[in-house]
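Keep the viewer open as you read.

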Amino acid sequence: MATVTENDLKELKDLITAQSGQIANIQTQITDLRISMGKVEATLQAQQPYIQKIPDLAEKVGELTKWRQIGYGLITGVFGAVFALIGLLLMSLTKIYPFHP
């Protein structure tokens, strides 16, 4: 069996001390990550009411597109009626004042 010297014991003690320092560093990093994760979860919880409103907003946008189409139809109808009245007016004026070349 090999004998253990003071040098070997000192090296083992230094190695154990270095490893415990690394473990403490890793534990600090884990704690920091848990804090960051808690902040992210809190932010998500705060945003949850807004996220739940997205389907309602999508439905309202769909309704707005329907109203937009109705508006386009009404505007087109108004322009068509105005042009028809102008055409009728011009036809009646040509009957009253016929064009003679």
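Start with K10 and D14, whose side chains pair up in a salt bridge with an N to O distance of 3.5 Å. Bear in mind that this is a predicted model. Both residues sit in helix α1, which covers residues 6–52, and they are four residues apart, or about one turn of the helix. D14 counts as partly exposed because its relative accessible area is 42%, between the 20% and 50% cut-offs.

Charge is still worth a look across the chain. There are 9 positive and 9 negative side chains, and the centres of these two sets lie 22 Å apart.

Now slide over to helix α2, residues 54–96, where you'll find F83. This phenylalanine counts as exposed because its relative accessibility is 58%, and the cut-off for that label is over 50%.

Zoom out and the overall picture is simple to describe: two helices and zero strands. The C-alpha atoms fill a box of roughly 135 × 35 × 20 Å along the principal axes. The radius of gyration is 42 Å, whereas a compact globule of 101 residues would come in near 13 Å. As for burial, 0% of the 101 residues count as buried. The accessible surface of the chain totals about 9700 Å², and carbon and sulfur atoms account for 69% of that.

Terms used. Residues are numbered from 1 along each chain as its sequence is written. This is a predicted model: local features need pLDDT of at least 70, side-chain atom pairs count only at pLDDT 80 or more; totals for chains, interfaces and linings use all residues. Side-chain values use heavy atoms; hydrogens and water are left out. Buried means under 20% relative accessible area, exposed over 50%, partly exposed in between (1.4 Å probe, protein chains only). The radius of gyration is taken over C-alpha atoms; the globule rule is 2.2 Å times the number of residues to the power 0.38. Accessible areas come from the Shrake-Rupley method with a 1.4 Å probe; for residues, only the protein chains shown count as cover. Lys and Arg count as positive and Asp and Glu as negative; His and the chain ends are not counted. The place of a charge is taken as NZ of Lys, CZ of Arg, CG of Asp or CD of Glu. A salt bridge is a side-chain nitrogen of Lys or Arg within 4 Å of a carboxyl oxygen of Asp or Glu.
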